[in-house]
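Student: I have a model open and would like to go through parts of it with you. Shall we begin?

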Amino acid sequence: MLDNVKVVLVGTSHSGNIGSAARAMKVMGLKQMVLVDPQCEVDAQAIALAAGASDIALNAQIVDTLDSAIADCGLVVGTSARSRTLEWPMLDPRECGEKFAVEGEQHPVAIVFGRERTGLTNDELQKCHYHVSIPANPEYSSLNLAMAVQTLCYEIRVAHLNRQQSQFPTMPEAAYPRHNELELFYTHLEKVLVQTQFISEEKPGQVMNKLRRLFSRARPEEQELNILRGVLTAVEKQALHKK
């Protein structure tokens with residue numbers, strides 16, 4: 001299961017953080033690091049701070065977009081240190097670990113960390129099924145990137161070990177769609193909503209954001225998503241027939 005977990009770092013600007021995050025991952029038995037549009041290279045400082053985990057940093061996959069990093073993932077959780085204008089389904093670190101331990105047996109899963117100074121954008125957070133926030137001391141909640149990676153990787157490992165001892169339920173048989181399949185659905189949905197004049201082509205944003213939240217909360221299974229795509233196709237055909 002641990003081999004199916006991706007630790008995705010978005011827009012990292014300090015190479016030392018890549019090395020420290022690699023060390024945090026290796027201690028917990030995680031191997032897959034993905035760097036999205038990094039603002040630095042895996043240099044000597046990264047290798048030094050990796051302290052024996054340089055293989056993870058040097059073998060990190062480097063991609064241009066978050067979509068590319070999570071395209072094959074059936075579960076994506078984004079880290080968020082603050083509340084957003086658009087509320088999203090939330091997990092605490094323990095719940096996050098348990099979901100990863102269960103779903104990671106069936107398909108790739110990803111935990112996404114944002115930029116050191118600004119975190120993840122709202123658009124990036126909306127690509128995640130859930131958000132997770134570490135309940136740090138509200139009077140001093142300053143967690144650096146490696147600390148956050150260590151905390152959540154620890155919860156994933158503990159949940160995995162607990163699962164091996166059968167301390168929580170087995171994975172349901174339901175298969176969940178991958179991220180790229182969900183994005184195709186959202187593109188199809190927006191297209192049909194524009195065609196039927198339910199939303200404006202110039203300003204689709206707020207309604208689509210709320211619909212993304214709705215479907216993220218509902219977590220449609222693969223077959224259910226196929227049904228929804230079929231409904232959209234039927235609506236398209238009827239709209240063309242009326243024309």
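Student: Which residues are buried in α7?

Tutor: In α7, the buried residues are L145, A146, A148, V149, L152, C153, E155, I156, A159, H160 and R163. Buried means under 20% relative accessible area, exposed over 50%, and partly exposed in between, with a 1.4 Å probe and protein chains only. Helices (H or I, at least four residues) and strands (E, at least two) are DSSP runs, numbered from the N terminus. The model is predicted: local features need pLDDT of at least 70, side-chain atom pairs count only at pLDDT 80 or more, and totals for chains, interfaces and linings use all residues. Residues are numbered from 1 along each chain as its sequence is written, and side-chain values use heavy atoms, with hydrogens and water left out.

Student: What do the buried residues of α7 pack against?

Tutor: They pack against β1, α1 (15-27), β4, α5 (93-103), β6 and β7 (130-132); contact means heavy atoms within 4.5 Å.

Student: And what caps the N-terminal end of α7?

Tutor: N144 does, with a side-chain oxygen 3.2 Å from the backbone nitrogen of A146. Following α7 is S166, whose phi is positive, near 60°.

Student: Let us turn to β6. Why is β6 largely enclosed by the rest of the structure?

Tutor: Strand β6 covers residues 109-113, and five of the five are buried, so the rest of the structure largely encloses the strand. V109, I111 and F113 point one way, while A110 and V112 point the other way.

Student: Which strands pair with β6?

Tutor: β1 (residues 5-10) runs parallel to β6 and is joined to it by five bridges, with L9 opposite F113. β4 (residues 75-79) also pairs with β6 in the parallel sense, over four bridges, and G78 stands opposite V112. Two strands pair if DSSP finds at least two bridges between them.

Student: New topic: how many disulfides does a search of the whole structure find?

Tutor: The search finds zero. C40 is in no disulfide, and the nearest cysteine sulfur, that of C153, is 18 Å away. A disulfide is a pair of cysteine sulfur atoms within 2.5 Å.

Student: Lastly, where is L232, and what does it contact?

Tutor: L232 lies in helix α10 (residues 222-242) and counts as buried at 8% relative accessibility. Leaving aside neighbours within four places in sequence, L232 is in contact with F185, H188, L189 and V192.

Terms used
A polar contact is a pair of N or O atoms within 3.5 Å; within protein, one must be able to donate a hydrogen and the other to accept it, and residues adjacent in sequence count only if both atoms are side-chain atoms.
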